[in-house]
Amino acid sequence: MLNIRGLNAYYGDSRIIPELDISVPKGKIVCLIGRNGVGKSTTLKSIMGLVKTPEGSIRLEGKEMLKMPSYDRVRLGIGYVPQGRDIFPQMTVRENLELGLQPKGGKGKLPDYIYELFPILPQFEKRKGGDLSGGQQQQLAIARALASEPKILILDEPTEGIQPSIIKDIAAAIRKINEWKGITVLVVEQYLEFVLNISNYVYVMEKGSIALEGDSLDAKSVQSIMTA
């Protein structure tokens, strides 16, 4: 579904990713794991057109996106939740969710299943986003990305700063998104237990390249790379 080949990515003049190849098959949950600073978030920003990518290929269902503006990538069917969530703190929960309809031209209605995934959201519809806890904001951000019913959901560090009970809720929600709606999921994460719990396939990144990959990786092997 999503195929990246020979990708180079830069921040300014600094090359962060020298040449990256990864694939995310349709209907699967794929995780990209690694230490801080190895290029995981840069990979997602490259997919979204938010950093300089002079070489390589990024294809979604065969459609080349490398030179495409970010908003057109979203319209192709990408739901993206960046690191830090980026909800609008002065807007209500409902208003934040309705912004997720923009890829559809702001039309249509919110899918009912997002309230089944995140039952706290209808309770807090009139509350400002900034008044929610970190875990509640993460649930809101994921729900907003699902509002346009994307083909693929991309999550950057969804467990960051989240209490353990909410991490379990988010893991369950990701599995349900995949099982109920068949939405493909790509997750960047550092929390190994979370990754091994939800993923069908794992890529381990080190210095902008893939050091290890597989559908049944040994936790010790992954940990040895992450702590080297």
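Visitor: Ground rules before we start?
Guide: This is a predicted model: local features need pLDDT of at least 70, side-chain atom pairs count only at pLDDT 80 or more, and totals for chains, interfaces and linings use all residues. Residues are numbered from 1 along each chain as its sequence is written, and side-chain values use heavy atoms, with hydrogens and water left out.

Visitor: How many residues of strand β3 are buried?
Guide: 5 of the 5, residues 29-33, so β3 is largely enclosed by the rest of the structure. Buried means under 20% relative accessible area (1.4 Å probe, protein chains only). Strands are DSSP runs of E, at least two residues; helices are H or I, at least four; both are numbered from the N terminus.

Visitor: Which residues sit on each side of β3?
Guide: I29, C31 and I33 on one side, V30 and L32 on the other. Both faces are covered.

Visitor: Which way does β3 run against β8, parallel or antiparallel?
Guide: Parallel, with 5 bridges to β8, residues 184-189. Strands pair if DSSP finds at least two bridges between them. V30 stands opposite L186.

Visitor: And how many bridges to β9?
Guide: 4, also in the parallel sense; β9 is residues 201-206. L32 stands opposite Y203 there.

Visitor: Switching to helix α1. How many of its residues are buried?
Guide: 8 of 9, across residues 40-48. G49 follows, with a positive phi near 80°.

Visitor: Why does T43 count as buried?
Guide: Because its relative accessibility is 0%.

Notes:
Buried means under 20% relative accessible area, exposed over 50%, partly exposed in between (1.4 Å probe, protein chains only).
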